[in-house]
Amino acid sequence: MAEPRASPPRVALGVLFYEFLKVSLLASGGGIVWAHRIAVDQRRWLSDAEFTDIVSMCQFMPGPNVVGIAVCVGARLRGLLGAIAATAGFVLIPGIIGFLLGVLCFRHTGVPLFQNVLTGISAAASGMMIATGLRLLRAYRQRPPALLFAALAFAGIAIVQLPLLLVLLVLAPLSIGAVAIAGGQVR
Amino acid sequence: MNDPASLGRLVAHLALLSSISFGGVPTVLPDIHAYVVANGWLTDRDFADFLAVSQAIPGPNMILMMSFIGWKVAGLPGALASAGATFTPPCALYFVAYRLWDRFRDAPWQKLARAGLAPLTAGLVIAGGTVMARTADIGWPAVGVTGAAAILLLFTRLNPLWVLGGAGICGALGIL
């Protein structure tokens, strides 16, 4: 049975829009950090546990995960309209600004200096992505089967270069099955 | 290249991939990369540039990345259609799923699914980063930057913007 929880505070749609606009603009590389800071620490819309619950769901849903956090926090506070307001805040204005900036940048991609800067940034960005994956894995370091399945998923894509859907369709049932068999050991 | 038929195929492909991008859009980047290059819409270099710029600009990085690809294929309409195809299907899924998730949040199957899928997610994100590093890392110094960025993000509380900025400066100095 679900434990009772406090009904969420009444939040204006404009505030949802504005706060997720902020998350989006601040969050180059680390959206979850800023979403947590604003939704839990500053605005106190959600408890830590509620936030964690949303993030775990978003982690195994398809799509841009941080947008998923916007959808879920919006939905929790104000239903469908809240989800739309938070998502619009996250995507709309930052998307337009970013697109214009990007197109400006691409005018100069032929310039060697600019090319070199981009090489540096993408080298670092790929390292940050690897680190994020390792960080997600950290919670599972005590569970060898989990590490094995993470390694298989990694190898399927990065080494054997199989299509994602195939990797998922094969590994997801096996991994969930392994958890079911391990039973009591989990959490 | 301005070609409505190509845009239709790109948008359909992006909508499909974003709907199966478990672990976030970066996990389907290798597939998108293969698709757009095989169709002759983008070169490897274009892809790496788009990725670097979309990472460097604050905002919804992966949506920006797809809008750049769409822009290259079919101009502004291409950009809008690609961005929409990238976030609309997952947003609808998130909303429906959140409703269901919330209703059954204490069900045993939910805990099983969470525990089973999370490690796969982590492996897929690491793979996405690795594939990206393969196009970006043109020499050992660049590999060093990738490793350093990973370590800094894992073990320090440094703002990622500093890491990206520092790496850009290394590039500008011609070290990489």
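The model is predicted, so local features need pLDDT of at least 70, side-chain atom pairs count only at pLDDT 80 or more, and totals for chains, interfaces and linings use all residues. Residues are numbered from 1 along each chain as its sequence is written, while chains are lettered from A and ligands numbered from 1 in the order in which they are written.

Me: Why are H1(B) and H4(B) called roughly parallel to each other?
Reply: The axes of H1 (residues 4-19) and H4 (residues 61-103) of chain B cross at roughly 30 degrees and come within 8 Å. Angles under 35 degrees count as roughly parallel, and the pair therefore gets that label. Axes are lines fitted to C-alpha atoms, for helices over the stretch in contact, with angles from 0 to 180 degrees between N-to-C directions.

Me: What is the make-up, by class, of the contact of H1(B) with H4(B)?
Reply: Leu7(B), Leu10(B) and Leu14(B) are among the H1(B) residues making the contact, and H4(B) residues include Val73(B), Ala74(B) and Leu93(B). By class, there are 14 nonpolar, 7 polar and no charged residues. Ala, Val, Leu, Ile, Met, Phe, Trp, Tyr, Cys and Pro count as nonpolar, Asp, Glu, Lys and Arg as charged, and the others, Gly among them, as polar.

Me: What makes Val71(A) a contact of Tyr94(B)?
Reply: Two residues are in contact if their C-beta atoms, placed from the backbone, lie within 7 Å. Val71(A) has Tyr94(B) among its contacts, along with Ala86(A) and Phe95(B).

Me: How many helices and strands does chain A have?
Reply: Chain A has 7 helices and 0 strands. Helices (H or I, at least four residues) and strands (E, at least two) are DSSP runs, numbered from the N terminus.

Definitions and conventions: Angles under 35 degrees count as roughly parallel, over 145 as roughly antiparallel, 65 to 115 as roughly perpendicular and the rest as oblique. Lists of a residue's contacts leave out its neighbours within four places in sequence.
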